[in-house]
Amino acid sequence: MEKGIKQKYIGSAVFMLAAAVLVKLIGAVYKIPLTSYIGATGRGYFSVAYNLYLPVHAITMGAFPIALTKLVSTYNAKNNRARIIQLRRASKKLFFIAGLIGAVAVAALAVPYSNLICSSPKSIYTVFAIAPSVFFSCLCACHRAFSEGFIDMKPTAVSQLIEALVKMIFGLLFARLAMSSLYNCYLQTNTVMGALMKNEEQAFSAIYPFTSAAAMLGTTFGSIAAYAFAKAYTQINYKSYSSRKIEYKSAYNELLAFSVPLVCATVIQSLSNFADTSSIQYCLTLCDKSVLEEIYGVQGEDLFTYVYGIFAAALDFKNLVPAVVMALGITAVPAVSAAFESDTARFTRLINEIFKYTVVLGIAGGLVLALFSKDILSLFYSKSNPDIVENAGALLFYSAVTILPCCAAVTSVYCTQALGFAKQTIIPFIVAAAIRILINFILVTKSEINILGSCVSNFLGFTIIIISTMLTIHKKTNTDFDLKSIFIKPIFAGVITYFAVDGIKKYADAFESKILYLVILLIILVVFYSISLITLKIISIKEIKSFK
(Lines give C-alpha, C1' and ligand atoms only; values in the text may rest on other atoms or scores of the structure.)
Protein backbone atom coordinates (compact mmCIF):
# COMPACT_ATOMS: atom_id res chain seq x y z
CA MET A 1 0.00 0.00 0.00
CA GLU A 2 1.27 3.45 -0.89
CA LYS A 3 2.46 5.52 2.02
CA GLY A 4 0.15 8.26 3.25
CA ILE A 5 0.98 11.91 2.64
CA LYS A 6 2.00 12.46 6.26
CA GLN A 7 4.38 9.50 6.26
CA LYS A 8 5.91 10.67 2.97
CA TYR A 9 6.27 14.17 4.39
CA ILE A 10 7.93 12.98 7.60
CA GLY A 11 10.31 10.66 5.77
CA SER A 12 11.30 13.32 3.24
CA ALA A 13 11.55 16.00 5.93
CA VAL A 14 13.88 13.89 8.08
CA PHE A 15 16.03 13.18 5.02
CA MET A 16 16.13 16.88 4.11
CA LEU A 17 16.88 17.88 7.70
CA ALA A 18 19.83 15.49 7.85
CA ALA A 19 21.14 16.84 4.55
CA ALA A 20 20.62 20.44 5.70
CA VAL A 21 22.61 19.79 8.89
CA LEU A 22 25.46 18.25 6.87
CA VAL A 23 25.41 21.16 4.41
CA LYS A 24 25.60 23.68 7.21
CA LEU A 25 28.39 21.76 8.95
CA ILE A 26 30.33 21.80 5.69
CA GLY A 27 29.59 25.51 5.41
CA ALA A 28 30.92 26.11 8.91
CA VAL A 29 34.06 24.10 8.19
CA TYR A 30 34.46 26.16 5.01
CA LYS A 31 33.93 29.60 6.52
CA ILE A 32 36.24 29.16 9.50
CA PRO A 33 39.50 28.66 7.56
CA LEU A 34 38.19 31.10 4.94
CA THR A 35 37.85 33.79 7.60
CA SER A 36 41.37 33.04 8.79
CA TYR A 37 42.57 33.77 5.23
CA ILE A 38 40.57 36.92 4.57
CA GLY A 39 39.71 38.19 8.08
CA ALA A 40 36.57 40.06 9.11
CA THR A 41 37.24 42.70 6.45
CA GLY A 42 37.36 40.08 3.70
CA ARG A 43 34.16 38.56 5.08
CA GLY A 44 32.66 42.00 4.70
CA TYR A 45 33.38 41.93 0.95
CA PHE A 46 32.04 38.39 0.81
CA SER A 47 28.82 39.46 2.51
CA VAL A 48 28.30 42.50 0.29
CA ALA A 49 28.34 40.21 -2.75
CA TYR A 50 25.90 37.78 -1.15
CA ASN A 51 23.53 40.59 -0.22
CA LEU A 52 23.20 41.48 -3.89
CA TYR A 53 23.17 37.88 -5.06
CA LEU A 54 20.58 36.52 -2.61
CA PRO A 55 17.53 38.58 -3.71
CA VAL A 56 18.01 37.55 -7.35
CA HIS A 57 18.79 33.98 -6.30
CA ALA A 58 15.67 33.92 -4.12
CA ILE A 59 13.44 34.89 -7.05
CA THR A 60 14.85 32.27 -9.42
CA MET A 61 15.15 29.58 -6.73
CA GLY A 62 11.99 30.48 -4.83
CA ALA A 63 9.12 31.43 -7.11
CA PHE A 64 9.59 29.18 -10.15
CA PRO A 65 10.54 25.99 -8.26
CA ILE A 66 7.55 26.34 -5.93
CA ALA A 67 5.25 26.76 -8.94
CA LEU A 68 6.66 23.69 -10.69
CA THR A 69 6.56 21.55 -7.54
CA LYS A 70 2.99 22.63 -6.80
CA LEU A 71 1.72 21.86 -10.31
CA VAL A 72 3.54 18.52 -10.62
CA SER A 73 2.21 17.49 -7.20
CA THR A 74 -1.34 18.53 -8.11
CA TYR A 75 -1.38 16.68 -11.44
CA ASN A 76 0.29 13.66 -9.89
CA ALA A 77 -2.53 13.51 -7.33
CA LYS A 78 -4.96 13.57 -10.28
CA ASN A 79 -2.93 10.89 -12.15
CA ASN A 80 -2.53 13.25 -15.12
CA ARG A 81 0.73 11.90 -16.53
CA ALA A 82 0.53 13.74 -19.86
CA ARG A 83 0.35 17.13 -18.15
CA ILE A 84 3.39 16.33 -16.01
CA ILE A 85 5.38 15.53 -19.16
CA GLN A 86 4.32 18.86 -20.65
CA LEU A 87 5.32 20.67 -17.46
CA ARG A 88 8.75 19.10 -17.52
CA ARG A 89 9.46 20.37 -21.03
CA ALA A 90 8.01 23.81 -20.29
CA SER A 91 10.01 24.20 -17.09
CA LYS A 92 13.35 23.69 -18.84
CA LYS A 93 12.70 26.66 -21.12
CA LEU A 94 11.36 28.88 -18.33
CA PHE A 95 14.18 28.15 -15.88
CA PHE A 96 16.84 28.73 -18.57
CA ILE A 97 15.46 32.19 -19.34
CA ALA A 98 15.05 33.10 -15.66
CA GLY A 99 18.59 31.97 -14.81
CA LEU A 100 20.14 33.92 -17.66
CA ILE A 101 18.29 37.12 -16.74
CA GLY A 102 19.25 36.68 -13.08
CA ALA A 103 22.96 36.24 -13.79
CA VAL A 104 23.04 39.31 -16.04
CA ALA A 105 21.15 41.35 -13.43
CA VAL A 106 23.66 40.54 -10.66
CA ALA A 107 26.61 41.43 -12.90
CA ALA A 108 24.96 44.66 -14.08
CA LEU A 109 24.21 45.82 -10.53
CA ALA A 110 27.71 45.08 -9.18
CA VAL A 111 29.20 48.56 -9.64
CA PRO A 112 26.26 50.77 -8.56
CA TYR A 113 25.47 48.57 -5.55
CA SER A 114 29.07 48.38 -4.32
CA ASN A 115 29.69 52.09 -4.79
CA LEU A 116 26.40 53.75 -3.88
CA ILE A 117 24.78 51.45 -1.31
CA CYS A 118 27.69 49.84 0.51
CA SER A 119 30.44 52.44 0.05
CA SER A 120 32.63 49.40 -0.70
CA PRO A 121 33.80 49.69 -4.34
CA LYS A 122 36.29 46.84 -3.93
CA SER A 123 33.36 44.41 -3.56
CA ILE A 124 32.70 44.38 -7.32
CA TYR A 125 35.20 41.57 -7.93
CA THR A 126 33.37 39.27 -5.50
CA VAL A 127 30.01 40.12 -7.10
CA PHE A 128 31.30 39.32 -10.59
CA ALA A 129 32.66 35.99 -9.33
CA ILE A 130 29.29 34.85 -7.98
CA ALA A 131 27.04 36.11 -10.80
CA PRO A 132 27.28 32.96 -13.04
CA SER A 133 26.11 30.73 -10.19
CA VAL A 134 22.61 32.28 -10.49
CA PHE A 135 22.28 30.73 -13.95
CA PHE A 136 23.48 27.25 -12.98
CA SER A 137 21.50 27.26 -9.71
CA CYS A 138 18.35 28.01 -11.67
CA LEU A 139 18.99 25.14 -14.09
CA CYS A 140 19.58 22.87 -11.10
CA ALA A 141 16.36 24.06 -9.45
CA CYS A 142 14.38 22.97 -12.50
CA HIS A 143 15.33 19.33 -11.90
CA ARG A 144 15.06 19.54 -8.11
CA ALA A 145 11.58 21.05 -8.20
CA PHE A 146 10.31 18.42 -10.65
CA SER A 147 11.40 15.62 -8.32
CA GLU A 148 10.01 17.45 -5.29
CA GLY A 149 6.59 17.34 -6.96
CA PHE A 150 6.69 13.58 -6.28
CA ILE A 151 7.89 14.26 -2.70
CA ASP A 152 11.27 12.93 -3.84
CA MET A 153 13.87 15.02 -2.04
CA LYS A 154 16.94 12.97 -2.98
CA PRO A 155 18.16 15.20 -5.84
CA THR A 156 17.62 18.31 -3.73
CA ALA A 157 19.44 16.96 -0.69
CA VAL A 158 22.31 15.30 -2.55
CA SER A 159 22.87 18.21 -4.95
CA GLN A 160 23.02 20.57 -1.96
CA LEU A 161 25.69 18.36 -0.39
CA ILE A 162 27.66 18.26 -3.63
CA GLU A 163 27.38 22.02 -4.00
CA ALA A 164 28.58 22.61 -0.44
CA LEU A 165 31.55 20.23 -0.80
CA VAL A 166 32.71 21.65 -4.14
CA LYS A 167 32.23 25.18 -2.83
CA MET A 168 34.35 24.40 0.21
CA ILE A 169 37.14 22.61 -1.64
CA PHE A 170 37.55 25.07 -4.49
CA GLY A 171 36.70 28.13 -2.39
CA LEU A 172 39.45 27.41 0.13
CA LEU A 173 41.88 26.34 -2.59
CA PHE A 174 41.36 29.50 -4.62
CA ALA A 175 41.44 31.73 -1.52
CA ARG A 176 44.68 30.20 -0.32
CA LEU A 177 46.33 30.43 -3.74
CA ALA A 178 45.22 34.03 -4.18
CA MET A 179 46.39 35.07 -0.72
CA SER A 180 49.73 33.30 -1.09
CA SER A 181 50.39 34.66 -4.57
CA LEU A 182 49.44 38.26 -3.84
CA TYR A 183 51.21 38.38 -0.47
CA ASN A 184 54.41 36.89 -1.90
CA CYS A 185 54.24 39.46 -4.66
CA TYR A 186 54.01 42.20 -2.04
CA LEU A 187 56.99 40.80 -0.11
CA GLN A 188 59.10 40.72 -3.26
CA THR A 189 58.05 43.93 -5.00
CA ASN A 190 56.04 45.96 -2.44
CA THR A 191 53.15 45.92 -4.93
CA VAL A 192 49.71 44.30 -5.13
CA MET A 193 48.23 43.93 -8.62
CA GLY A 194 50.76 46.50 -9.84
CA ALA A 195 49.95 49.14 -7.19
CA LEU A 196 52.72 50.26 -4.81
CA MET A 197 51.96 49.59 -1.11
CA LYS A 198 53.28 51.74 1.73
CA ASN A 199 53.02 49.08 4.42
CA GLU A 200 51.64 45.62 5.19
CA GLU A 201 48.31 46.96 6.45
CA GLN A 202 47.71 48.72 3.13
CA ALA A 203 48.80 45.58 1.30
CA PHE A 204 46.25 43.40 3.10
CA SER A 205 43.57 46.00 2.42
CA ALA A 206 44.36 45.62 -1.29
CA ILE A 207 44.66 41.82 -1.17
CA TYR A 208 41.39 41.01 0.65
CA PRO A 209 39.00 41.97 -2.21
CA PHE A 210 40.80 39.69 -4.69
CA THR A 211 41.10 36.84 -2.18
CA SER A 212 37.38 37.12 -1.43
CA ALA A 213 36.58 37.04 -5.15
CA ALA A 214 38.78 33.97 -5.64
CA ALA A 215 36.98 32.21 -2.79
CA MET A 216 33.63 33.16 -4.29
CA LEU A 217 34.51 31.29 -7.48
CA GLY A 218 34.06 28.14 -5.39
CA THR A 219 30.36 29.00 -5.13
CA THR A 220 30.04 29.12 -8.90
CA PHE A 221 31.91 25.82 -9.29
CA GLY A 222 29.59 24.27 -6.69
CA SER A 223 26.45 25.38 -8.56
CA ILE A 224 27.75 23.78 -11.76
CA ALA A 225 28.47 20.47 -10.00
CA ALA A 226 25.02 20.48 -8.33
CA TYR A 227 23.31 21.09 -11.67
CA ALA A 228 25.20 18.22 -13.30
CA PHE A 229 24.03 15.79 -10.60
CA ALA A 230 20.39 16.94 -10.50
CA LYS A 231 20.12 16.72 -14.28
CA ALA A 232 21.60 13.21 -14.36
CA TYR A 233 19.30 12.07 -11.53
CA THR A 234 16.07 13.17 -13.18
CA GLN A 235 17.13 11.85 -16.58
CA ILE A 236 17.69 8.42 -15.05
CA ASN A 237 14.82 8.23 -12.54
CA TYR A 238 12.13 10.13 -14.48
CA LYS A 239 13.01 9.03 -17.98
CA SER A 240 9.42 7.99 -18.63
CA TYR A 241 8.33 11.62 -18.17
CA SER A 242 10.49 12.84 -21.05
CA SER A 243 9.16 13.52 -24.54
CA ARG A 244 10.38 15.95 -27.18
CA LYS A 245 7.35 15.42 -29.42
CA ILE A 246 4.66 16.51 -26.98
CA GLU A 247 3.17 20.01 -27.26
CA TYR A 248 3.88 22.04 -24.14
CA LYS A 249 2.76 25.61 -24.85
CA SER A 250 -0.35 25.37 -22.65
CA ALA A 251 1.73 23.89 -19.81
CA TYR A 252 4.27 26.70 -20.24
CA ASN A 253 1.50 29.28 -20.00
CA GLU A 254 0.02 27.59 -16.92
CA LEU A 255 3.43 27.41 -15.24
CA LEU A 256 4.09 31.03 -16.08
CA ALA A 257 0.63 32.12 -14.89
CA PHE A 258 1.03 30.29 -11.59
CA SER A 259 4.53 31.74 -11.22
CA VAL A 260 3.54 35.39 -11.72
CA PRO A 261 2.03 35.99 -8.26
CA LEU A 262 4.84 33.94 -6.74
CA VAL A 263 7.42 36.05 -8.56
CA CYS A 264 5.71 39.25 -7.42
CA ALA A 265 5.63 38.02 -3.82
CA THR A 266 9.21 36.75 -3.99
CA VAL A 267 10.41 40.01 -5.56
CA ILE A 268 8.81 41.96 -2.73
CA GLN A 269 10.21 39.53 -0.17
CA SER A 270 13.68 39.66 -1.71
CA LEU A 271 13.62 43.43 -2.04
CA SER A 272 12.51 43.74 1.58
CA ASN A 273 15.40 41.55 2.73
CA PHE A 274 17.73 43.46 0.42
CA ALA A 275 16.46 46.78 1.79
CA ASP A 276 16.88 45.50 5.34
CA THR A 277 20.50 44.40 4.88
CA SER A 278 21.32 47.49 2.83
CA SER A 279 19.79 49.74 5.47
CA ILE A 280 21.91 48.04 8.13
CA GLN A 281 25.02 48.69 6.04
CA TYR A 282 24.00 52.28 5.39
CA CYS A 283 23.00 52.96 8.99
CA LEU A 284 26.40 51.72 10.14
CA THR A 285 28.02 54.47 8.07
CA LEU A 286 25.93 57.00 10.02
CA CYS A 287 27.42 55.86 13.32
CA ASP A 288 30.16 57.81 15.05
CA LYS A 289 33.43 56.25 13.88
CA SER A 290 35.21 57.05 17.12
CA VAL A 291 32.55 55.18 19.13
CA LEU A 292 32.73 52.15 16.82
CA GLU A 293 36.54 52.21 17.02
CA GLU A 294 36.32 52.13 20.80
CA ILE A 295 33.71 49.33 20.85
CA TYR A 296 35.43 47.07 18.31
CA GLY A 297 39.06 48.08 18.83
CA VAL A 298 39.62 48.60 15.09
CA GLN A 299 40.69 51.67 13.17
CA GLY A 300 41.19 52.58 9.53
CA GLU A 301 39.25 53.13 6.31
CA ASP A 302 37.77 49.61 6.41
CA LEU A 303 36.08 50.12 9.80
CA PHE A 304 32.49 49.90 8.53
CA THR A 305 33.31 46.88 6.35
CA TYR A 306 34.93 45.25 9.40
CA VAL A 307 31.85 45.82 11.59
CA TYR A 308 29.63 44.38 8.88
CA GLY A 309 32.03 41.46 8.67
CA ILE A 310 31.44 40.86 12.40
CA PHE A 311 27.72 40.95 11.66
CA ALA A 312 28.24 38.37 8.88
CA ALA A 313 30.33 36.11 11.15
CA ALA A 314 27.50 36.01 13.71
CA LEU A 315 24.94 35.40 10.97
CA ASP A 316 26.90 32.34 9.83
CA PHE A 317 25.74 30.59 12.99
CA LYS A 318 22.38 32.31 13.38
CA ASN A 319 21.35 31.42 9.82
CA LEU A 320 22.07 27.75 10.44
CA VAL A 321 18.78 27.40 12.28
CA PRO A 322 16.31 28.84 9.71
CA ALA A 323 18.33 27.16 6.94
CA VAL A 324 17.81 23.76 8.57
CA VAL A 325 14.16 24.54 9.33
CA MET A 326 13.72 25.48 5.66
CA ALA A 327 13.84 21.75 4.91
CA LEU A 328 10.41 21.45 6.56
CA GLY A 329 9.08 24.27 4.39
CA ILE A 330 10.45 22.85 1.13
CA THR A 331 9.07 19.40 1.91
CA ALA A 332 5.74 20.95 2.91
CA VAL A 333 5.04 22.30 -0.60
CA PRO A 334 4.06 19.01 -2.32
CA ALA A 335 2.65 17.49 0.89
CA VAL A 336 0.38 20.46 1.62
CA SER A 337 -0.70 20.70 -2.03
CA ALA A 338 -1.63 17.01 -2.20
CA ALA A 339 -3.43 17.05 1.17
CA PHE A 340 -5.42 20.16 0.25
CA GLU A 341 -6.58 18.48 -2.95
CA SER A 342 -7.73 15.32 -1.18
CA ASP A 343 -9.12 15.83 2.32
CA THR A 344 -9.88 18.89 4.50
CA ALA A 345 -9.47 17.12 7.85
CA ARG A 346 -6.20 15.53 6.79
CA PHE A 347 -4.99 18.91 5.54
CA THR A 348 -5.79 20.60 8.87
CA ARG A 349 -3.92 17.96 10.87
CA LEU A 350 -0.93 18.03 8.53
CA ILE A 351 -0.46 21.79 8.44
CA ASN A 352 -0.78 22.06 12.23
CA GLU A 353 1.89 19.41 12.63
CA ILE A 354 4.17 21.10 10.08
CA PHE A 355 3.95 24.38 12.00
CA LYS A 356 4.48 22.60 15.31
CA TYR A 357 7.59 20.78 14.10
CA THR A 358 8.94 24.07 12.72
CA VAL A 359 8.54 25.85 16.05
CA VAL A 360 9.97 22.93 18.05
CA LEU A 361 13.02 22.75 15.80
CA GLY A 362 13.46 26.53 15.71
CA ILE A 363 13.40 26.76 19.50
CA ALA A 364 15.94 23.94 19.76
CA GLY A 365 18.35 25.80 17.48
CA GLY A 366 17.78 29.05 19.35
CA LEU A 367 18.52 27.33 22.66
CA VAL A 368 21.87 26.03 21.42
CA LEU A 369 22.97 29.42 20.12
CA ALA A 370 21.70 31.39 23.12
CA LEU A 371 23.26 29.11 25.73
CA PHE A 372 26.60 28.64 23.97
CA SER A 373 26.97 31.76 21.78
CA LYS A 374 30.42 32.76 22.98
CA ASP A 375 31.52 29.14 23.47
CA ILE A 376 30.72 28.33 19.84
CA LEU A 377 32.52 31.40 18.53
CA SER A 378 35.50 30.63 20.76
CA LEU A 379 35.63 27.04 19.56
CA PHE A 380 35.91 28.14 15.94
CA TYR A 381 37.70 31.48 16.10
CA SER A 382 39.72 31.74 19.33
CA LYS A 383 43.00 30.95 17.57
CA SER A 384 42.55 32.47 14.13
CA ASN A 385 40.32 35.50 14.86
CA PRO A 386 39.92 36.16 18.61
CA ASP A 387 38.47 39.59 17.80
CA ILE A 388 35.42 37.89 16.28
CA VAL A 389 34.84 35.96 19.52
CA GLU A 390 34.95 39.16 21.53
CA ASN A 391 32.93 41.32 19.17
CA ALA A 392 30.26 38.91 17.88
CA GLY A 393 29.23 37.15 21.11
CA ALA A 394 26.47 39.54 22.19
CA LEU A 395 25.08 39.80 18.67
CA LEU A 396 24.84 36.00 18.34
CA PHE A 397 23.10 35.72 21.72
CA TYR A 398 20.41 38.30 20.92
CA SER A 399 20.00 36.86 17.43
CA ALA A 400 19.33 33.46 19.03
CA VAL A 401 16.82 34.83 21.53
CA THR A 402 14.84 36.47 18.72
CA ILE A 403 15.20 33.68 16.14
CA LEU A 404 11.82 31.92 16.38
CA PRO A 405 9.81 34.29 14.12
CA CYS A 406 12.48 33.95 11.44
CA CYS A 407 12.16 30.15 11.51
CA ALA A 408 8.37 30.04 11.62
CA ALA A 409 8.08 32.60 8.81
CA VAL A 410 10.02 30.30 6.47
CA THR A 411 7.46 27.51 6.76
CA SER A 412 4.42 29.80 6.85
CA VAL A 413 5.45 31.51 3.61
CA TYR A 414 6.17 28.21 1.84
CA CYS A 415 2.78 26.81 2.88
CA THR A 416 0.91 29.96 1.85
CA GLN A 417 2.57 29.99 -1.57
CA ALA A 418 2.09 26.26 -2.07
CA LEU A 419 -1.66 26.73 -1.59
CA GLY A 420 -1.75 29.40 -4.31
CA PHE A 421 -2.14 32.42 -2.02
CA ALA A 422 1.09 34.18 -2.93
CA LYS A 423 -0.66 37.50 -3.66
CA GLN A 424 -1.78 37.72 -0.05
CA THR A 425 1.85 37.78 1.14
CA ILE A 426 2.82 40.93 -0.79
CA ILE A 427 1.38 43.58 1.55
CA PRO A 428 2.71 41.87 4.73
CA PHE A 429 6.18 41.74 3.16
CA ILE A 430 6.01 45.46 2.38
CA VAL A 431 4.79 46.34 5.87
CA ALA A 432 7.41 44.11 7.51
CA ALA A 433 10.17 45.64 5.37
CA ALA A 434 9.08 49.17 6.26
CA ILE A 435 9.13 48.35 9.97
CA ARG A 436 12.53 46.64 9.75
CA ILE A 437 14.06 49.61 7.90
CA LEU A 438 12.49 52.11 10.29
CA ILE A 439 13.83 50.30 13.35
CA ASN A 440 17.26 49.98 11.73
CA PHE A 441 17.36 53.74 11.26
CA ILE A 442 16.25 54.24 14.86
CA LEU A 443 18.54 51.69 16.53
CA VAL A 444 21.48 50.82 14.25
CA THR A 445 22.37 54.50 13.80
CA LYS A 446 22.86 54.74 17.57
CA SER A 447 26.59 54.09 17.79
CA GLU A 448 26.37 52.32 21.15
CA ILE A 449 23.80 49.85 19.77
CA ASN A 450 24.86 49.62 16.07
CA ILE A 451 24.34 46.10 14.61
CA LEU A 452 22.53 44.81 17.73
CA GLY A 453 19.54 46.85 16.56
CA SER A 454 19.06 44.37 13.69
CA CYS A 455 17.85 41.73 16.16
CA VAL A 456 14.85 43.86 17.12
CA SER A 457 13.98 44.81 13.55
CA ASN A 458 14.10 41.20 12.34
CA PHE A 459 12.03 39.92 15.27
CA LEU A 460 9.20 42.38 14.64
CA GLY A 461 9.33 42.09 10.86
CA PHE A 462 9.10 38.30 10.77
CA THR A 463 6.41 38.28 13.47
CA ILE A 464 4.21 40.37 11.18
CA ILE A 465 4.77 37.90 8.33
CA ILE A 466 3.85 34.90 10.49
CA ILE A 467 0.63 36.44 11.74
CA SER A 468 -0.48 37.57 8.29
CA THR A 469 0.28 34.26 6.52
CA MET A 470 -1.44 32.18 9.18
CA LEU A 471 -4.50 34.45 8.98
CA THR A 472 -4.50 34.02 5.19
CA ILE A 473 -4.41 30.22 5.45
CA HIS A 474 -7.15 30.28 8.08
CA LYS A 475 -9.45 32.48 5.99
CA LYS A 476 -8.85 30.74 2.67
CA THR A 477 -8.99 27.11 3.84
CA ASN A 478 -11.09 27.29 7.04
CA THR A 479 -8.15 25.75 8.88
CA ASP A 480 -8.07 26.23 12.64
CA PHE A 481 -4.58 26.52 14.08
CA ASP A 482 -3.93 25.03 17.50
CA LEU A 483 -1.87 27.97 18.79
CA LYS A 484 -1.41 26.36 22.18
CA SER A 485 0.32 23.31 20.70
CA ILE A 486 2.14 25.24 17.96
CA PHE A 487 3.53 28.17 19.97
CA ILE A 488 2.63 28.43 23.65
CA LYS A 489 3.66 25.01 24.93
CA PRO A 490 6.87 24.73 22.84
CA ILE A 491 7.98 28.22 23.94
CA PHE A 492 7.32 27.28 27.56
CA ALA A 493 9.35 24.08 27.10
CA GLY A 494 12.16 26.18 25.60
CA VAL A 495 12.16 28.68 28.48
CA ILE A 496 12.37 26.07 31.23
CA THR A 497 15.06 24.20 29.27
CA TYR A 498 17.11 27.38 28.91
CA PHE A 499 17.11 28.21 32.61
CA ALA A 500 17.70 24.59 33.61
CA VAL A 501 20.75 24.17 31.34
CA ASP A 502 22.02 27.67 32.14
CA GLY A 503 21.98 26.72 35.81
CA ILE A 504 23.89 23.52 35.10
CA LYS A 505 26.50 25.47 33.07
CA LYS A 506 27.71 27.14 36.25
CA TYR A 507 28.88 23.78 37.58
CA ALA A 508 30.51 22.64 34.32
CA ASP A 509 33.64 24.80 34.53
CA ALA A 510 35.64 21.80 35.74
CA PHE A 511 35.91 20.46 32.19
CA GLU A 512 39.28 21.33 30.72
CA SER A 513 38.26 20.34 27.19
CA LYS A 514 35.97 22.91 25.55
CA ILE A 515 34.66 20.29 23.13
CA LEU A 516 33.84 17.82 25.92
CA TYR A 517 32.17 20.64 27.84
CA LEU A 518 29.96 21.51 24.86
CA VAL A 519 29.13 17.90 24.00
CA ILE A 520 28.01 17.03 27.54
CA LEU A 521 25.92 20.18 27.91
CA LEU A 522 24.37 19.68 24.47
CA ILE A 523 23.36 16.16 25.46
CA ILE A 524 21.82 17.51 28.66
CA LEU A 525 19.99 20.18 26.63
CA VAL A 526 18.58 17.64 24.15
CA VAL A 527 17.48 15.26 26.91
CA PHE A 528 15.87 17.99 29.02
CA TYR A 529 14.14 19.60 26.02
CA SER A 530 12.88 16.21 24.77
CA ILE A 531 11.50 15.33 28.21
CA SER A 532 9.80 18.73 28.36
CA LEU A 533 8.20 18.21 24.93
CA ILE A 534 6.91 14.77 25.89
CA THR A 535 5.77 15.81 29.38
CA LEU A 536 3.85 18.79 28.01
CA LYS A 537 2.34 16.48 25.35
CA ILE A 538 3.75 18.58 22.51
CA ILE A 539 5.20 15.51 20.81
CA SER A 540 4.14 11.96 21.61
CA ILE A 541 6.20 8.77 21.66
CA LYS A 542 4.14 7.60 18.67
CA GLU A 543 5.20 10.66 16.67
CA ILE A 544 8.84 10.10 17.55
CA LYS A 545 8.63 6.51 16.29
CA SER A 546 7.14 7.74 13.00
CA PHE A 547 10.31 9.78 12.35
CA LYS A 548 12.29 6.58 11.83
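How many helices and strands does the chain have?

## Overall build

The model described here is predicted. Its chain contains 18 helices and two strands. The C-alpha trace spans about 70 × 60 × 40 Å along its principal axes.

Of the 548 residues, 56% count as buried. Contacts can also be sorted by how far apart the partners are in sequence. Among the contacts with a separation of 6 or more, 83% are accounted for by residues 24 or more positions apart.

## Surface and charge

The chain has an accessible surface of about 23,200 Å². Carbon and sulfur atoms make up 66% of that surface.

There are 46 positive and 28 negative charges in the chain. The mean position of the positive charges and that of the negative charges are 13 Å apart.

## Aromatic pairs

A search of the whole structure gives 24 aromatic pairs. One of them joins Phe146 and Tyr241, with 6.0 Å from centre to centre and 70° between the planes. Planes over 60 degrees apart count as edge-to-face, and this pair is edge-to-face. Phe146 belongs to helix 3 (residues 124–148), while Tyr241 sits in the loop between helix 5 (200–237) and helix 6 (249–285), so the pair ties together parts that are 95 residues apart in sequence. Both Phe146 and Tyr241 are buried. These two residues also belong to one aromatic cluster together with Phe150 and Tyr238.

A second example is the pair of Phe170 and Phe221, which is tilted, with centres 5.2 Å apart and 40° between the planes. Phe170 is in helix 4 (residues 154–189) and Phe221 is in helix 5, so this pair links distant parts of the chain, 51 residues apart.

Arg88 is placed in helix 2 (residues 81–117). What is the relative accessible area of Arg88? The value is 4%, so Arg88 counts as buried.

Leaving out residues up to four places away in sequence, Arg88 touches Phe146, Thr234, Gln235, Tyr238, Lys239, Tyr241 and Ser242. Among these are Phe146, Tyr238 and Tyr241, which are members of the aromatic cluster described above. The C-alpha atoms of Arg88 and Leu68 are separated by 8.5 Å, and the two residues are 20 residues apart along the chain.

## Two buried threonines

Thr69 is part of helix 1 (residues 5–77). With a relative accessible area of 1%, Thr69 is buried. Which residues does Thr69 touch, not counting residues up to four places away in sequence? They are Ala145, Glu148, Gly149, Val333 and Pro334.

Thr211 lies in helix 5, the helix that also holds Phe221. The relative accessible area of Thr211 is 0%, so this residue is buried. Not counting residues up to four places away in sequence, Thr211 touches Ile38, Ala175, Ala178 and Met179.

Technical notes. Residues numbered from 1 in each chain as written. Predicted model: local features only at pLDDT ≥ 70, side-chain atom pairs only at ≥ 80, totals over all residues. Heavy atoms only, no water. Helix = DSSP H or I, 4+ residues; strand = E, 2+ residues; numbered from the N terminus. Buried < 20%, exposed > 50% of the residue type's maximum accessible area, 1.4 Å probe, protein only. Contact = heavy atoms within 4.5 Å. Areas by Shrake-Rupley, 256 points an atom, 1.4 Å probe, with all protein chains shown as cover. Lys, Arg positive; Asp, Glu negative; His and termini not counted. Charge placed at Lys NZ, Arg CZ, Asp CG, Glu CD. Phe/Tyr/Trp six-rings, centres within 6.5 Å; stacked < 30°, edge-to-face > 60°.
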